[in-house]
Amino acid sequence: MDDHAGFMRLAIAEAARAQQRGEVPVGAVVVIDGRVVSCGFNQPISAHDPTAHAEIVAIRAAAASLGNYRLTGATLYVTIEPCLMCVGAMIHARIGLVVYGAAEPRAGALTSAVRAHETPGLNHRLAVIGGMLEDECRGALQDFFRQRR
């Protein structure tokens, strides 16, 4: 579990980068064989791209770095429970494990709103660990939205 916490702290640092740019503070890190392959942070506003969620940015960077869109055996760390779009990308990328920080009750697609990765007929399954450094991850989001109000 210590490794999971360490990698989640890297994702939290990525979330801080998003916040510095006026984006919702969500960060993600892709790890393969204990090595960070890529990082990403939310940037749909600055990129003018509704798909530029932290998870998608990190998955795209990992695939480009490895020269393969399949990230078999990878672990993706993300500060908030992924949405339906991001879970779909994780399934297509063959991510092995998703570790998230705070639950997202309205749009979380792993345990909260839906369990998209358990949809019958999918040819890949994700393992999931939720609640990693949950208070820190949730606090960053709450602080961001308090400041905006």
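A residue is called buried when its relative accessible area is under 20%, exposed when that value is over 50%, and partly exposed in between. By this definition both Phe-7 and Tyr-77 are buried. The model is a predicted one.

**Aromatic pairs**

The structure contains 2 aromatic pairs. A pair of aromatic rings is described by the distance of the centres and the angle of the planes. The table gives these values.

| Pair | Distance of centres | Angle of planes | Class |
|---|---|---|---|
| Phe-7 and Tyr-77 | 5.3 Å | 40 degrees | tilted |
| Phe-144 and Phe-145 | 5.0 Å | 80 degrees | edge-to-face |

Phe-7 belongs to helix H1 (residues 2–20) and Tyr-77 to strand S3, so this pair ties together parts that are 70 residues apart in sequence. In the other pair, Phe-144 has 5% relative accessibility and therefore counts as buried.

The strands of an open sheet, 5 in number, follow the order S2-S1-S3-S4-S5, and their pairing is mixed. The edges are formed by strand S2 (35–41) and strand S5 (127–129); each has a single partner strand, so one side of each is left without a neighbour in the sheet. From one strand to the next, the twist averages 20 degrees.

S1 and S2 run antiparallel and are joined by 6 bridges. Val-31 has Val-36, in S2, as its bridge partner. Helix H5 (residues 134–148) packs on the sheet, where it touches S3 and S4. The direction of H5 makes about 60 degrees with that of S4.

In soluble globular proteins, nonpolar side chains tend to be buried together. Here the largest nonpolar core has 29 residues, and Leu-76, Met-90, Ile-95 and Leu-126 are those with the most contacts inside it. Two or more residues of this core come from each of strand S1 (27–32), helix H3 (54–66), strand S3 (75–80), helix H4 (84–93) and strand S4 (97–102). Apart from this core lies another, of 13 residues, which includes Ala-5, Val-29, Met-132 and Cys-137.

Which residues does Ile-95 touch, not counting residues up to four places away in sequence? Ile-95 touches Leu-71, Ala-74, Leu-76, Met-90, His-124, Arg-125 and Leu-126. Among them, Leu-76, Met-90 and Leu-126 are, like Ile-95, residues with the most contacts inside the largest core.

Note on methods
Residues numbered from 1 in each chain as written. Heavy atoms only, no water. Core = buried A, V, L, I, M, F, W, Y, C linked by side-chain atoms within 4.5 Å. Buried < 20%, exposed > 50% of the residue type's maximum accessible area, 1.4 Å probe, protein only. Helix = DSSP H or I, 4+ residues; strand = E, 2+ residues; numbered from the N terminus. Contact = heavy atoms within 4.5 Å. Pairing = 2+ DSSP bridges. Axes fitted to C-alpha atoms, helices over the stretch in contact; angles between N-to-C directions. Phe/Tyr/Trp six-rings, centres within 6.5 Å; stacked < 30°, edge-to-face > 60°.
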